[in-house]
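Thanks for making time this morning.

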Amino acid sequence: MSLVQYTYDDAERLVDALNLKIQTDLNQAIEQNGQATLAVSGGNTPKPLFAKLASNKVIDWSNVTVMLVDERWVSDDAEASNQRLVKQHLLTAYAAKANYLLINKTAPTIEDAIAQFSPEVKQYLPLDVVVLGMGNDGHTASLFPCSEELAHGLNLNNEAVVLSTTPTTAPHKRISLTLRNIVTAKNVYLHITGAEKKDILLDAVEHRTEMEKPIAAVAKHAELQLVWAP
């Protein structure tokens, strides 16, 4: 559909602005529906945003459900766990009141975990706010251009809520929202910093196919709001 760009002088101003955007989106959803959903991504980039959100007392966190856009199939105490990241950096202070949709890592297999997690997520669809990141290969969520499951994940007729993916260029099996459940969210943000990431994004949107650069699929099928700082 479109790529809407918001540019800030530095990462701190970006975080301040995105915090306010998410605050507005969540509280508007709560006012309209009595509840709101926030799906977030992992990595180092969102850590300052998580801290800012956690300290935001204007958000009615008791009526917010938080979930992950994607997760690695590792134990929750592993350094690579997004679940660990969210618990340490987001679900604290005021945001500790939020409901969190847990991915059960004690399930025997990743498929068992997906079978448990999918119906929990489904009851909250469409999501209110999704905050994405992007890798240098143009992947977003755990929709990697190198994974055999990519076509399934990008298929808008695929009714699966989440799917497992196995990237060949990154470690660990993953659990990821499908494209359908990302682009049907009411507000979709892409939070990236640095000139290199922005160049990769613009090249993907303007010149690459969805299979080459999955982030292009999000911009094609949703109003993707880029929040960027050098």
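Let me begin with the largest pocket, where strand β9 supplies the largest share of the lining, namely 3 residues. Please keep in mind that what we are looking at is a predicted model. The volume of this largest pocket comes to about 460 Å³, and of the 25 residues that line it, G42, G43, R72, M134 and H139 are the closest to its centre. The elements that give two or more residues to this lining are β4, residues 70-72, β6, residues 129-132, and β9, residues 187-193. Sorted by class, the lining of the largest pocket holds 12 polar, 8 nonpolar and 5 charged residues.

Now to the second largest pocket, which has a volume of about 180 Å³. Among the residues lining the second largest pocket are G43, R72, E79, N82 and H89, and the largest share of that lining, 5 residues, comes from helix α3, residues 82-89. By class, the second pocket's lining has 6 polar, 4 charged and 2 nonpolar residues.

Finally, let us turn to the core. Which residues touch the most other members of the largest nonpolar core? In that core of 77 residues, they are I22, L38, W61, V66 and L90, while the element that gives the most to the core is helix α1, residues 11-33, with 8 residues. If we take W61 on its own, and leave aside residues up to four places away in sequence, its contacts include L38, V66 and L90, and also N56 and K97.

Key: Residues are numbered from 1 along each chain as its sequence is written. This is a predicted model: local features need pLDDT of at least 70, side-chain atom pairs count only at pLDDT 80 or more; totals for chains, interfaces and linings use all residues. Side-chain values use heavy atoms; hydrogens and water are left out. A nonpolar core is a set of buried Ala, Val, Leu, Ile, Met, Phe, Trp, Tyr and Cys residues joined through side-chain atoms within 4.5 Å. Buried means under 20% relative accessible area, exposed over 50%, partly exposed in between (1.4 Å probe, protein chains only). Helices (H or I, at least four residues) and strands (E, at least two) are DSSP runs, numbered from the N terminus. Contact means heavy atoms within 4.5 Å. On a 1 Å grid over the protein atoms alone, a cavity is a set of points where a 1.4 Å probe fits but cannot get out, and a pocket is an open set with protein on both sides within 12 Å along at least five of seven lines; lining residues have an atom within 4 Å of a point. Grid points are joined across faces, edges and corners, and a volume is the space filled by probe spheres set on the points. Ala, Val, Leu, Ile, Met, Phe, Trp, Tyr, Cys and Pro count as nonpolar, Asp, Glu, Lys and Arg as charged, and the others, Gly among them, as polar.
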